[in-house]
Amino acid sequence: MKHYLRLLLALLIIGCSSDDDTTTTKSNPNLIGTWKLIEQLQDPGDGNGTFKAVTSDRTFTFNTENTVVVNGNICFMRVDVGDEISATYNMDANDASSGKILTGTICNTSGFNLNYTIEGQFLIVSYPCIEACAQKFEKL
């Protein structure tokens with residue numbers, strides 16, 4: 001009987017592996033790559049805002065190392081480009097098509113994060129505005 005208990009204990013110990021994967025070390029293959037800004041949403045305050053086409057060279061490039069590089073100011077919803085800014089991102093633990101871009105101290109305010117979702121073939125990046133505001137990107 002002791003042998004069976006030892007065997008059972010050994011199997012339990014061997015079978016229990018450490019799962020060090022967290023949402024910050026995984027990546028969604030659909031997210032990885034460069035996305036170009038194509039539309040912008042700014043709600044006038046009545047809930048009737050819609051995405052409108054914009055002309056811009058603004059891009060978000062998501063890498064497998066959970067970094068994102070933006071060719072311009074990430075702190076504001078803008079269409080112009082500028083110096084590259086790098087931030088980190090993580091995925092929602094329950095939904096690999098959504099997560100947060102963590103700006104850290106880039107925007108000089110703690111807790112300033114951008115939400116993102118992949119909706120069909122588009123990446124939607126939402127900014128912390130009083131009214132709804134977001135940018136829609138298409139993968140290059």
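Me: Where does the charged end of Lys 136 sit?

Reply: In this predicted model, the charged end of Lys 136 sits over the ring of Phe 51, at 4.6 Å from the ring's centre. The charged end of Lys 136 also sits over the ring of Phe 122, where the distance to the centre is 4.9 Å.

Me: How many aromatic pairs are there, counting rings whose centres lie within 6.5 Å?

Reply: The count comes to five aromatic pairs. One of them joins Phe 62 and Tyr 116, whose centres are 5.7 Å apart and whose planes make an angle of 55 degrees, and this pair is tilted.

Me: Are Phe 62 and Tyr 116 buried or exposed?

Reply: Burial is judged by relative accessible area, and a residue under 20% counts as buried. Phe 62 has a value of 1% and is therefore buried, and Tyr 116, at 1% relative accessibility, counts as buried too.

Me: Why is the pair of Tyr 89 and Tyr 116 called edge-to-face?

Reply: What matters is the angle between the planes, because a pair over 60 degrees counts as edge-to-face. The planes of Tyr 89 and Tyr 116 stand at 80 degrees, with the centres 6.4 Å apart, so this pair is edge-to-face. Tyr 89 lies in strand 5 (residues 85-92) and Tyr 116 in strand 7, so the pair ties together parts 27 residues apart in sequence.

Me: Which residues form the aromatic cluster?

Reply: Phe 60, Phe 62, Tyr 89, Tyr 116 and Phe 137 form one aromatic cluster, and among these residues both Tyr 89 and Tyr 116 are buried.

Methods
Residues numbered from 1 in each chain as written. Predicted model: local features only at pLDDT ≥ 70, side-chain atom pairs only at ≥ 80, totals over all residues. Heavy atoms only, no water. Phe/Tyr/Trp six-rings, centres within 6.5 Å; stacked < 30°, edge-to-face > 60°. Buried < 20%, exposed > 50% of the residue type's maximum accessible area, 1.4 Å probe, protein only. Helix = DSSP H or I, 4+ residues; strand = E, 2+ residues; numbered from the N terminus. Lys NZ or Arg CZ within 6 Å of the ring centre and 35° of its normal.
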